[in-house]
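Let's look together at how two protein chains meet. Have the sequence and the 3D view ready as you read.

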Amino acid sequence: MAHSIITLFAPHPHNNHKAKILWPRSIVILIGLFIMGRSIVDITVGLKPGVLGYASQISPDIVIELTNKERLNAGVSTLKYNSALNQAALAKATDMFENNYWAHVSPTGTEPWYFVTGSGYKYLHAGENLARDFSNPTDVVKAWMASPTHRKNLLDDRYHDIGIAVVDGYINGVETTLVVQMFGSTQQPSVARIASSNVVSTVLAEEKLIPESGLSPMDLSRAWSLAFVVLIVFALSLDWIFVLRYNIIRISGKTWAHLTYFAALAIILIIIRQGIVL
Amino acid sequence: MKKRNKNIFDYLLLTLISSIAVILVLYFNGNKSIQEVIIISFSILYIIWGVLHHAKEHTLETKVVLEYAAFSLLGSILVIGLLK
């Protein structure tokens, strides 16, 4: 057993002075294992949506809180939660899933203002920010702040109200979490009838956000990829130490080069942001 | 000494390629298709680097090329798998 582990991870006369895990055939097996693991996650998410707590870490309240924090930092007044705008955001997200699109204007030409007006919000100014595939609210707001057009919307002092919808669904067969942020200002307060009917929609929107396991498939995928990189970097480091220590001469690729390549990939895996803003 | 200098140049080149790949991925964060192209290009450049480096050292063999190809395939799949 110990011998097998040694030959798997360290150069030894029995593995032709190269850790078995670094052999091309072992790399092919690792590729197979990686694909298998990813398939299990994808199939689980596909068969039982929510079992991994998809989008569970995006709370609309926190998105509003972070938005207001950014506005305060910029010296702009904070936004008030508005149930009509919230319903508009929810209607927009539902429309995107039903009609299979990801855009401000639907393929049939429906503009965001249609949903705002439809919710009963009589706007003087209105705006919309969209995001998808983020795993937490901080990254969503950060991404909006990093984009000049979204930032302008988010910090616009003409807006007084805000509504947020975070909804799970499928677009083009891929499970997606959409975040719709609606801004607005109105000259007259919303009528009571609209406010009461929106209480239901708010509850529905938040029901989907209750975490079931606290695990996000996105974070799980990142951890799965990183685990393989860590394993390879560990084996390469051991190999490098043994080659230097015992002055092993062999025909093989350069361990230091492999380490540089995988170190870059590790950084890329950490910095990659999975979400998109629109 | 001359050989060591040559190696240093090769490794500096690889470090430069890797750094550019990281910076480009960061710059194009949110644009998955461009990031995929960057990762694939980085992996192909890595194989080319390996082939040229070993050719210079007269240690180029099929199994060496296979090793670089296997590592770059694994690396690409690990990152692209996350982007999908």
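## How much surface is buried

Buried area is the accessible area, found with a 1.4 Å probe, that two parts lose on being put together, summed over both. Keep in mind that this is a predicted model. Here chain B and chain A bury about 3400 Å² between them, and 73% of that area is on carbon and sulfur atoms.

Which residues of chain B lose the most area to chain A? They are Phe71(B), Leu78(B) and Leu82(B), which together account for 22% of what that side buries. In the whole contact, 41 residues come from chain B and 39 residues from chain A.

## Polar links across the contact

Between chain B and chain A there are 14 residue pairs in polar contact, counting pairs with both residues at pLDDT 80 or more. On the chain B side, helix H1 (2-27), helix H2 (32-56) and helix H3 (62-83) each supply at least two residues that touch chain A. The largest share, 18 residues, comes from H3(B). Sorted by class, the side of chain B that touches chain A has 22 nonpolar, 13 polar and six charged residues.

Two salt bridges also link chain B and chain A. In a salt bridge of this kind, the side chain of Lys254(A) meets that of Glu57(B), at 2.5 Å from N to O.

## Two helices side by side

Now find helix H10 (residues 255-271) of chain A next to H3(B): the two pack at an angle of about 5°, with their axes 10 Å apart. Angles under 35 degrees count as roughly parallel, so H10(A) and H3(B) are roughly parallel to each other.

Residues of H10(A) that take part include Tyr261(A), Phe262(A) and Leu265(A), while H3(B) brings, among others, Tyr68(B), Phe71(B) and Leu78(B). The residues of this helix contact divide into twelve nonpolar, four polar and one charged.

## A salt bridge inside chain A

Over all chains, the count comes to six salt bridges. One of them joins the side chains of Glu128(A) and Lys92(A), at 3.1 Å from N to O. Glu128(A) lies in strand E2 (residues 123-132) and Lys92(A) in helix H4 (residues 83-98), both of chain A, so the pair ties together parts that are 36 residues apart in sequence.

Technical notes. Residues numbered from 1 in each chain as written. Chains lettered and ligands numbered in written order. Predicted model: local features only at pLDDT ≥ 70, side-chain atom pairs only at ≥ 80, totals over all residues. Heavy atoms only, no water. Contact = heavy atoms within 4.5 Å. Salt bridge = Lys/Arg side-chain N within 4 Å of Asp/Glu carboxyl O. Polar contact = N/O pair within 3.5 Å; in protein donor to acceptor, adjacent residues only side chain to side chain. Helix = DSSP H or I, 4+ residues; strand = E, 2+ residues; numbered from the N terminus. Nonpolar A, V, L, I, M, F, W, Y, C, P; charged D, E, K, R; others polar. Axes fitted to C-alpha atoms, helices over the stretch in contact; angles between N-to-C directions. Parallel < 35°, antiparallel > 145°, perpendicular 65-115°, else oblique.
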